[in-house]
Amino acid sequence: MLFTSILIFLVLSTYICHNDNSFNRLGTITVAFITLMFISSLNIVSISNGITLFNNWFIFKTINLPIIFMMLLFIMSWLTYSSTNSISINFNLLVLVLTNLLGLMTLPLVNDLLMLYIIIELQSYTLYLMTGLYNKSYNSTRASMLYFMTGGMASTIMLMSMYFLFNEYGTMNLNEMNMLQNYNNTFNMTEMMLMMGLMFKMGMAPLHRWSMSVYNYAPTYMTAYMSIVAKLSMSSLMFANYWLFDNYVMLLFMYMSLLMGAYKPLYQMNLKTMLAYSGMLNFGYLLLSVMSYDMSYYMYMMQYVLTHLLMFMMLLSAGELVTPVSKWSPLLFMNQLNMNNNYLLMSLMMCMFSLMGMPPTPGFFSKLFIMESSLMDNYMFEMMLLMMCSVMATYYYANMMKMSMNSMTNKEQTVYMNSTVAYMMSVTTMLLLTFYIYLPNMIEGLMMMYM
Amino acid sequence: MNDIIMKYMCLYIYLLFMKIMNIMSGISSILAMGLLSPVQSMLSLMILFLSTSFCLYLQGFELIGLLYMLMYVGAIAILFTFILSLLNIEYLPKNNIQSTSYLLFIFLIMPLDLSYEADSLIMNLFNINNELITIGDLLYSEYAIIFMLSSIILVMSVVGAMSVIKC
């Protein structure tokens, strides 16, 4: 379905010239259709053992299903903003997004090292291109170039690790390597290199410097997309192939991400950098659930996608209310949080509470489950570190809330926001606030996914 | 007697040529990284591709050797050379430390010896007679989906060039 949609859009974009962004609504509808087809073609019990697709290159197990579904929903919601008037027109956005979606959706399903490399390159190239899509902005071209350089380096590291893995196991097929690993007693430097390449691409500490610059330079609309989407698919790959990666090296990345993500943004005034560090912090929490191979991974992903979507939608739609710093990232600094619309600020505050881990919000429940599962696997110190870094991170989230409290004394103004964006934001806020109501039902279903 | 001497000479020249090509490829790869002017490093890159192509062809991999020469030198290196000669890049050394010393330092840490013992299930390669037919067969049957995905990547390169540059 994705193949045909990509081809259709490609051909269409050459023949039809649009002067407005109404074209992108078609993209939203396409992604919605893909999601519908995805849901309707699922039969969880029959694929619980895994179906290999296309001559053993892909394996379709139930482990990856929640993440794929969440990615589709996220992209659908993100694309709704693209049809508003505040984004400059670019016809190639949809083709690139759809191709990226093809790469993202197939990345957790790979069963072979060669396929892994090709899909990662597919996903990465389209992501580099999307970063530099709004080429009127100098900064976004810089971001794209920087992203390309570092991503290429990470891909080279992964390629070298694939050479070593083939030398050791004699096969490129991940399934066969899983079976062979039980009979081999080898030193795991090779898989460590593969994981380092993946972590480099994700932007985990200590290899995170490039991601801060790239997320800062890119326009806010693109940062909203690329700061989560690559991480989602790559962490899903790591979760599905958890036997391939060494726990101790993942621990290193987890410690560094937690410490960096909790300490560094305390001195930041730049909202996007702070959100980038908080993303790194959250994915550090996620690594703990990957290490204990637990269902808390899905729960954390669910609430993090919701929170991320809501935060960035708020950042984007607040651009019309404040004096913009630039055309591409209107809301950049913390002192701009002084705006007239209190309801936007309230949704931001709900996200902040969720990231902090306050009880009724979803962040608390996911962190609770991560802590529970890591305690069961004897990761005591890591759990304590999670708690301490979460408390340290509370500082800068609370600082953002304090800055936005300055607007309590402003006069209330009616601002006319785009109704689609308003609808998406209100639905997301409602989902965020009522997460604890539908969480038990979700847990029952998710239990079957990774067994 | 003469046949044996001829065979010996052929083998000797063959081995000598292989060694020369190997050494040349190693030296030109270091030069490609270490030379300051971009056009000079493109020249050494072309020498690298040519020597690798000779090595591959002599070992029996005819198709891939010729494809190396055709694609790498004929398309990519030519394109790069022309673009680089048009761009005005400053290539004179700015600081006192030579950049080649950085390069040599990096080479000390790089694991250039990639030949480990293979104590796993790897088959031996037999004589390859019909390389083109085999590759064509495999590309369309076993590696078909990879072929299609790589084609999507290449289409993205065209779309990307259009979208990033066009205003």
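How many cavities of 30 Å³ or more does a search of the whole structure find? The search finds four. Note that this is a predicted model.

1. **Largest cavity.** The volume here is about 70 Å³. Three helices of chain A each supply at least two lining residues: α10 (220-240), α12 (271-291) and α13 (296-317). Of these, α13(A) gives the most, with four residues.

2. **Its lining.** The residues are Y215(A), T223(A), S227(A), K231(A), L275(A), A276(A), G279(A), Y304(A), H308(A), M311(A) and F312(A). By class, six are nonpolar, four polar and one charged.

3. **Second largest cavity.** This one holds about 50 Å³ of space. S77(A), W78(A), Y81(A), A224(A), L309(A), F312(A), M313(A) and L316(A) line it. Seven of the lining residues are nonpolar and one is polar; none is charged.

4. **Helices at the second cavity.** Here α3 (65-80) and α13 of chain A each supply at least two lining residues. Again α13(A) gives the most, with four.

5. **Chain B against chain A.** In this interface, 27 residues of chain B contact 35 residues of chain A. The buried area between the chains is about 2600 Å². Carbon and sulfur atoms give 76% of that area. On the side of chain B that touches chain A, 20 residues are nonpolar, four polar and three charged.

6. **Polar links between the chains.** Three residue pairs are in polar contact, counting pairs with both residues at pLDDT 80 or more.

Notes: Residues are numbered from 1 along each chain as its sequence is written. Chains are lettered from A and ligands numbered from 1 in the order in which they are written. This is a predicted model: local features need pLDDT of at least 70, side-chain atom pairs count only at pLDDT 80 or more; totals for chains, interfaces and linings use all residues. Side-chain values use heavy atoms; hydrogens and water are left out. Contact means heavy atoms within 4.5 Å. Buried area is the accessible area (1.4 Å probe) that two parts lose on being put together, summed over both. A polar contact is a pair of N or O atoms within 3.5 Å; within protein, one must be able to donate a hydrogen and the other to accept it, and residues adjacent in sequence count only if both atoms are side-chain atoms. Ala, Val, Leu, Ile, Met, Phe, Trp, Tyr, Cys and Pro count as nonpolar, Asp, Glu, Lys and Arg as charged, and the others, Gly among them, as polar. On a 1 Å grid over the protein atoms alone, a cavity is a set of points where a 1.4 Å probe fits but cannot get out, and a pocket is an open set with protein on both sides within 12 Å along at least five of seven lines; lining residues have an atom within 4 Å of a point. Grid points are joined across faces, edges and corners, and a volume is the space filled by probe spheres set on the points.
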